[in-house]
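Please keep the sequence and the model in view while reading.

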Amino acid sequence: MSLYAIGDLHLSLGTDKPMDVFGPRWKNHVQKLEEGFSALTDEDVCVLCGDTSWAQQLEDAAEDFRFIDRLPGRKIVLKGNHDYWWTSGAKMRAFLEKNGITTVSILHNNAFPYGENAAICGTKGWFYDECRGTEHDKKLIDREIMRLEASLKAAGEREKYVFLHYPPKYGGYSCPEILALFRQYGVKVCASGHLHADSLRLAFNGFWENTRHICVSGDGINFRPCKIL
Ligand SMILES: [Fe+2]
Ligand SMILES: [Fe+2]
């Protein structure tokens, strides 16, 4: 059993939003994803780090989730800034059940045990480009910090592997509140997505304090899930 992560699948199988307009790396990206996932077995777990589907409504995301369900392994999904279909945990779980989707779980104020002593934690996170320095922004940050801490607490004594959509370190920017939680909870790894095209050059891949940071945006890893553990 191995743990993988990939972000930004940006699927639109229920509508028809061509992704190759975003650059040559996105040409045939659904086929590339199928090939990338062929390295996994049904014993493996892959965390999808946000921006999973372009659908606006949950019902419109059904085709995308059926595609994800057919990929090998268990998939754990968290929210990205483009996941407009995202709703309450209860509604999303009911939707998956209604559509017969059995290999997808939702990471939302919770954690999943992995193996003997690891845990999968995470939330959307927060990114500097959402910050306008207003009271509203502060509320957004505080809410994400609370969600991340709820997830870390749910992991108990297990070693914590964190998955976010927004990178907490990027170029000259960092999110001190999130990095402080990593320090406090001894987070081993943080995998995140969101960055595309030219922004990928500014991704931080490496250790910050005792946490290993990895950028797993789909187009940055040629749509092959990145092995984490
Ligand atoms: Fe994205
Ligand atoms: Fe994003």
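How many helices and strands does the protein have? The protein has five helices and 13 strands, where helices (H or I, at least four residues) and strands (E, at least two) are DSSP runs numbered from the N terminus. The radius of gyration is 16 Å, close to the 17 Å that the globule rule gives for 229 residues, so the protein is as compact as a globular protein of that length. That radius is taken over C-alpha atoms, and the rule is 2.2 Å times the number of residues to the power 0.38.

The model is predicted: local features need pLDDT of at least 70, side-chain atom pairs count only at pLDDT 80 or more, and totals for chains, interfaces and linings use all residues. Residues are numbered from 1 along each chain as its sequence is written, while chains are lettered from A and ligands numbered from 1 in the order in which they are written.

**Overall dimensions and packing**

Along the principal axes, the C-alpha atoms fill a box of roughly 40 × 40 × 30 Å. Of the 229 residues, 43% are buried; a residue is buried if 20 or more other C-beta atoms lie within 10 Å of its own, exposed if 12 or fewer, and partly exposed in between, with C-beta atoms placed from the backbone. Among contacts with a separation of 6 or more, 81% link residues 24 or more positions apart, a contact being two C-beta atoms, placed from the backbone, within 7 Å.

**The six-stranded sheet**

An open sheet of six strands has the order S5-S6-S7-S10-S12-S11, with mixed pairing; two strands pair if DSSP finds at least two bridges between them. Strands S5 (112-114) and S11 (206-208) stand at the edges, each with a single partner strand, so one side of each lacks a neighbour in the sheet. From one strand to the next, the twist averages 30°.

| Strand pair | Sense | Bridges |
|---|---|---|
| S5 and S6 | antiparallel | three bridges |
| S7 and S10 | parallel | four bridges |
| S10 and S12 | parallel | four bridges |
| S3 and S4 | parallel | three bridges |

Particular residues mark these pairings. Pro113 stands opposite Ala119 in S6, Val162 has Cys190 in S10 as its bridge partner, and Val189 stands opposite Arg212 in S12.

**The five-stranded sheet**

Another open sheet, also of mixed pairing, has five strands in the order S4-S3-S2-S1-S13. Its edge strands, S4 (104-106) and S13 (226-227), each pair on one side only. Ile76 stands opposite Ser105 in S4.

**Helix H4**

Helix H4 (residues 135-154) has 20 residues that should span 28 Å at 1.5 Å a residue, and its end C-alpha atoms are 29 Å apart, which agrees; the expected span is 1.5 Å times one less than the number of residues. The buried residues of H4 are Glu144, Arg147, Leu148, Ser151 and Leu152. They cover an arc of only 135° around the axis, which puts them on the same side of H4; the arc is that of the directions from the helix axis to the C-beta atoms. On the other side of H4, exposed residues include Lys138, Asp142 and Met146.

Strands S6 (118-123) and S7 (159-164) and helix H5 (176-185) are among the elements covering the buried residues of H4. H4 lies across S6 and S7, running at about 165° to S6; axes are lines fitted to C-alpha atoms, for helices over the stretch in contact, and angles run from 0 to 180 degrees between N-to-C directions. Gly156, whose phi is positive, near 60°, follows H4.
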